[in-house]
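Hi,

Here is the structure I said I would pass on. Have a look at it first, then read my notes below.

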Amino acid sequence: QVQLVESGGGLVQAGGSLRLSCAASGSISSIDAMGWYRQALGKQRELVAGITLGKFTGYADSVKGRFTISRDMAKNTVYLQMNSLKPEDTAVYYCNFRIALDDYWGQGIQVTVSS
């Protein structure tokens, strides 16, 4: 069983920064990809950023140039550095690990950006 635990969310003013962390524990073999999703009130969940085993990265157009996804494989941890935050970034953020074609999800963490 794989469990993902997120941390690092909270309230921040527009223009500020936050760093989200997601650490996995349990029986883990090869991680195919890691990603961050978010879901704002009244909206569908959307992919924010992803990183593959080969460290190829991709970002939603809305966060390019502001967010950076990274990983520490020794710790089975993925990070999302969020800079120049905007009120429209307010959402619940979920981490995702893809392992052997199965998806595992974090519990979700609130990020609120005030104007």
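Where is the place of Ser84? Ser84 sits in the loop between β8 (77–82) and β9 (91–99); strands here are DSSP runs of E, at least two residues long, numbered from the N terminus.

Before going on, a word on the source: this is a predicted model, where local features need pLDDT of at least 70 and side-chain atom pairs count only at pLDDT 80 or more, while totals for chains, interfaces and linings use all residues. Residues are numbered from 1 along each chain as its sequence is written, and side-chain values use heavy atoms, with hydrogens and water left out.

Most residues other than glycine have a negative phi. Ser84, though, has a positive phi, near 50 degrees. Ser84 counts as partly exposed because its relative accessibility is 40% (buried is under 20% relative accessible area, exposed over 50%, partly exposed in between, with a 1.4 Å probe and protein chains only). Lys55 also has a positive phi, near 70 degrees. You'll find Lys55 in the loop between β5 (46–52) and β6 (57–59), and at 56% relative accessibility it counts as exposed.

Now the inside. Leaving out residues up to four places away in sequence, Phe97 touches, among others, Leu4, Cys22, Met34 and Tyr104 (contact means heavy atoms within 4.5 Å).

Cheers

Technical notes
Helix = DSSP H or I, 4+ residues; strand = E, 2+ residues; numbered from the N terminus.
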